[in-house]
Protein chains: 2
Amino acid sequence: MTPRLDLRCADCGIRHRAVCARCDETELARLEEVKFYRRYEAGQKIVWAGDDLSFVASVVSGIATMAQTLEDGRVQMVGLLLPSDFIGRPGRTVTPYDITAASDVTLCCFRRAPFERLLVDMPHVAGRLLEMTLDELDAAREWMLVLGRKTARERIASLLVSVARREASFDLAPRSHDIRLDLPLTREAMSEYLGLTIETVSRQISRLGREGTIMLDGKRRIVIPDLDRLRAETGDEAVAV
Amino acid sequence: MTPRLDLRCADCGIRHRAVCARCDETELARLEEVKFYRRYEAGQKIVWAGDDLSFVASVVSGIATMAQTLEDGRVQMVGLLLPSDFIGRPGRTVTPYDITAASDVTLCCFRRAPFERLLVDMPHVAGRLLEMTLDELDAAREWMLVLGRKTARERIASLLVSVARREASFDLAPRSHDIRLDLPLTREAMSEYLGLTIETVSRQISRLGREGTIMLDGKRRIVIPDLDRLRAETGDEAVAV
DNA sequence: CGCACCGTTGATGCTGTTCAAGTCTTGTGG
DNA sequence: CCACAAGACTTGAACAGCATCAACGGTGCG
């Protein structure tokens, strides 16, 4: 399951979605020369807010979280980093967010200087990075709506739907029925993402379970029998009559 | 005050901040050929969510808002567009947000096809656009913290500080004392931005005024006698003892 | 075993919403 | 010039949703 650390780009699971998506064979060869892998265990900090980040990276496998903390301890997650997502920002060395491995994580890293040279030489990479950044911006804005206007129940539903959607986009087979989510997020991580407390998250998940909109299989595994029914709980669409 | 509609790039107020910031004289000449201006009056819709946007543009003057609406009427603003900000996204024609002129607004527009050719030919423009998008992403994430974790009072303070900061970066003169904000936002617009109701916005502004942290000069003009004191209300820093 | 961590559930209280009434300002028409 | 209406804003009272505080159950591990 976990990728070998000497993976060749051509065999890489995120080959067609990450920042390198548009590169041809020759370009990949050049990436191959400068990339290196890093592994983090679940729970490990990848970067501390304010620290220098000497590299940029793509998430190859696992899930990481990006969060901001106020000095009195309040925490808000600002991004969920799934495979193919990019970490770091060209032209700036400090990251303003804590990045933490939520599960075991493998990163494909590039030292900063070589990467910035790549950006100049290979417009494919710069173009793809722009596209990915614009996607992230859209995602952040959608999440602003969740945080600013949705109820606790709608927030939970929105999270589950967005993870399910993203997960589904990885599978080619359009699964006709049950969607099984194995989300490696503690209640605490969810609450940090949703702008709620863990108690509220727990209550709303229990309630969705009791009502049959989702099915709980242990603490972390969730089965969605009817995605449309769950989607109706997100608040995004007027309820069908 | 309002710019002439036949403005030359060299004389443009956003010349050094907008997407064209890094262009040299020759490159500006090329932009000059394809750009055109549009004006919108306060209150006018610039784009409706879901509509095709046939151009991309920079805000030259005025303030516009970007908002998302749920079908039951809940609204969340996802961006405040100030002079030099960019509207539209290369590679996609529909905008997922309503964009509205909050004051009279002038845009410097480019038809989509020529602009996308520019992006390929002029890496300066693509690079600057990436940089601006990354800045927007940071701003969106900072706002997620506001929406997810801050109290009503902290949200108001955060809004005022961020507008003051942005305003200040336009003036060269580092104003030694009173900051005067002339923010052309109704209470409703503020509430949409802050994820609150207009009543709560009104109450908190009154309260900050009563306490002397800000001074109200009519409905829309706000004077900040001590920026640090206001900043202490944003929740961002531990309160100094 | 005993501890730590994660999650659930209940009781209570606070912050911000909702509903409602009223003020101030601005613009319009007689 | 005044009467009137409409929109922006303010203020008050009651309510609701989520947070807070607290107790407890399950699971994995030294």
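At 12% relative accessibility, Arg112(A) counts as buried, where buried means under 20% relative accessible area, exposed over 50% and partly exposed in between, with a 1.4 Å probe and protein chains only. The model is a predicted one, in which local features need pLDDT of at least 70 and side-chain atom pairs count only at pLDDT 80 or more, while totals for chains, interfaces and linings use all residues; side-chain values use heavy atoms, without hydrogens and water. Residues are numbered from 1 along each chain as its sequence is written, and chains are lettered from A and ligands numbered from 1 in the order in which they are written.

Arg112(A) belongs to helix H2 (residues 112–121) of chain A; helices (H or I, at least four residues) and strands (E, at least two) are DSSP runs, numbered from the N terminus. Leaving aside neighbours within four places in sequence, Arg112(A) is in contact (heavy atoms within 4.5 Å) with several residues, including Leu53(A), Phe55(A), Arg89(A) and Arg92(A). A polar atom of the Arg112(A) side chain lies 3.0 Å from the backbone oxygen of Leu53(A).

## How the two chains are related

Chain A can be laid on chain B with an RMSD of 0.0 Å by a turn of 180 degrees and a shift of 0.0 Å along the axis, the superposition being by least squares on the C-alpha atoms of residues with pLDDT of at least 70 in both copies. The two copies are thus related as by a two-fold rotation axis. Because 100% of the interface residues of chain A are also interface residues in chain B, the copies meet through the same surface.

## Salt bridges between and within chains

Over all chains the structure holds 42 salt bridges, each defined as a side-chain nitrogen of Lys or Arg within 4 Å of a carboxyl oxygen of Asp or Glu. One of them links Arg89(A) and Asp135(B), at 2.9 Å from N to O. Arg89(A) lies in the loop between strand E6 (86–87) and strand E7 (98–101) of chain A and Asp135(B) in helix H3 (residues 123–149) of chain B, so the pair joins two chains. Arg89(A) is buried at 12%, whereas Asp135(B) is partly exposed at 39%.

Within chain B, the side chains of Arg30(B) and Asp121(B) meet in a salt bridge of 3.0 Å, N to O. Arg30(B) lies in helix H1 (residues 25–34) and Asp121(B) in helix H2 (residues 112–121) of chain B, so the pair ties together parts that are 91 residues apart in sequence.

Technical notes:
Polar contact = N/O pair within 3.5 Å; in protein donor to acceptor, adjacent residues only side chain to side chain.
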